[in-house]
Amino acid sequence: MKKIDVAVVGSGIGGSLFAKLNKNKNLKLFEKDSNLGGCASTFKRYGHHFNAGATTFVGYENNHVLKEIFDEVDFVPNISKSDVAFRTIQNGQIVDRIKDFDLFLENLNKVYFHENNYKFWKKIKEIDEKFWQLKNVYFSKYSLKSYLNTSYFIFELLKTFGTDLLKSADGFINSELPNISKEYKTFINAQLLITLQTTSENATLLSMSLGLAYPFHDVFYANKGMGNIFDEMLKDVDVHKKEEILKIIRRTDGYELISSKDSYFAKNIVLNSTIFDSKKLFDDKNIVKYYDNYDFSDQSAFVIYLVINSNKEFLNHYQILLDENITNCISNSFFISVAKKDDEKLAKNGLSVTVSTHTKAKYWNDLKKNDVQEYEKQKEITQNEILNELKNSLDLKDDEITLSFSGTSSSFNNYINRINCGGKAINFSTVTQLPSAKTPFEGLYNVGDTVFAGQGWPGVALGVKVLHRDFNGKC
Ligand SMILES: Cc1cc2nc3c(=O)[nH]c(=O)nc-3n(C[C@H](O)[C@H](O)[C@H](O)COP(=O)(O)OP(=O)(O)OC[C@H]3O[C@@H](n4cnc5c(N)ncnc54)[C@H](O)[C@@H]3O)c2cc1C
């Protein structure tokens, strides 16, 4: 049995950033799939490359944790700034989410005029800016030091935000944007759904601000696909691709890992599997009981992959807002990411496009298990409905889309061992159930978007920073 100090299980954003930061230890990174990056990977099918899920790269700026981590490991990702973070289209009306605040507001007022728009968005921007300047962002449990440092962070939050910390998103919208139109509320909620995995109903003012303000930051396009960042970044890390960890046995001084290829003994394990799926790896009753504490978050993505052959000019990202929810989905919007024309990988023989919206996770997974024909039928219905709206919005003809296929929670499960996407939104009622990277078990940690601080590059990177600090005894 091979002995190692650290086994990182999974090469998603969390596992990869942590492994890179700790590459000088006796560390191995195991990834079950042939592609690195999990939800942020890039895969090849029918001769074309597609981003599996994540397409926008945010948080790569000074004083932000993601840039801080990349600088620490001396890695520069191959990315290009997008002038427009994304374009929203609702009944033919366009609002571009751009970094320039005044220009955005001018744009917004043409479509969703409200006399308090300036006040509302200024506050959103200010809260977001203050958050990213906090010095003590930290959340962890299971030791006195961890609780003390968490209290210190809560104290800093209270000092910085005062009573704003206790405000709900809907409460703030109702007080600042009274009589907001249904369309405007859809514009806000569609953005919150992609950033927070929830709408204003279940968000706080703070989380809504972070969710709505991301286009005021630099937003980047990942050249050669998001997966390229992982391929390049992990070149000097001991990565075991296509090696799934099947079982983990707790021993007195560490953990025995049984993989699809070998067996290992590791003093420490960092699981990048979700908090909901991690228990499947263990027989130890106490560990299973620990993971059972966390209620499943039944949300996932329906994703369509396209190849477009067209002479038209496209932006990198669009969000299409509809009046009604899409069939089999829990959203009335979808997000489109189009490859840049000069991308040598994603624009080879046509533009690679990733389209995604929100669905229930169990619905598709259960349907696939119980009735494959019905699963395929419903998938086609949802795909066609989205494609019709997409063609209308981007003014595309049938023959300009030369390839299309879609994936559900069941597809995510096949490739990256998870049916849900994203963690639970952090609000007043969920904050006490929030999992930290540290577990009650010596040497066992979780990292990724189902533990603090949540999803996407910035959220997972914050979690990695806290874990890195805990792991190396710096807290
Ligand atoms: C459709 C969609 C669009 C998104 N768009 C964006 C976006 O534009 N920008 C953004 O910042 N974020 C976006 N996100 C969110 C972001 O992709 C995720 O929050 C993030 O990638 C999750 O990272 P993670 O660290 O939790 O790891 P995951 O992505 O969950 O990866 C975990 C990895 O662990 C591996 N693994 C699991 N179990 C085992 C095992 N037993 N053995 C070996 N390997 C294992 C899996 O195969 C996988 O590769 C999007 C998500 C989705 C689903």
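**Reading a buried glycine and a ligand shell**

Modeller: Let's start with Gly423, which sits in the loop between H13 and strand S19 (444-446). Keep in mind that this is a predicted model.

Colleague: Happy to! Is Gly423 buried or exposed?

Modeller: The idea is to count neighbours: a residue is called buried if 20 or more other C-beta atoms lie within 10 Å of its own. Gly423 has 28 other C-beta atoms within 10 Å, so it is buried.

Colleague: Which residues does Gly423 touch, leaving out those up to four places away in sequence?

Modeller: They are Ser297, Asp449, Thr450, Val451, Gly454 and Gln455. For a separation instead, take Asp231: it is 192 residues from Gly423 along the chain, and their C-alpha atoms are 25 Å apart.

Colleague: And helix H13, which of its residues are buried?

Modeller: In H13 (residues 409-416), these are Ser409, Ser410, Ser411, Phe412 and Ile416. Their cover includes S14, strand S17 (351-359), helix H11 (361-370) and strand S18 (401-407). After H13 comes Asn417, with a positive phi near 60°.

Colleague: Now the ligand. How many residues surround it, and which are the closest?

Modeller: The shell has 36 residues, and the closest are Gly10, Gly12, Gly14, Gly38 and Gly448. Sorted by class, 14 are nonpolar, 16 polar and six charged. When reading those classes, remember that Gly is counted as polar.

Colleague: Which helices and strands each supply at least two residues of that shell?

Modeller: Helix H1 (13-21) and helix H14 (456-471) do, along with strand S5 (56-58) and strand S14 (300-308).

Conventions
Residues numbered from 1 in each chain as written. Predicted model: local features only at pLDDT ≥ 70, side-chain atom pairs only at ≥ 80, totals over all residues. Near = placed C-beta within 6 Å. Helix = DSSP H or I, 4+ residues; strand = E, 2+ residues; numbered from the N terminus. Buried ≥ 20, exposed ≤ 12 C-beta atoms within 10 Å, placed from the backbone. Contact = placed C-beta atoms within 7 Å.
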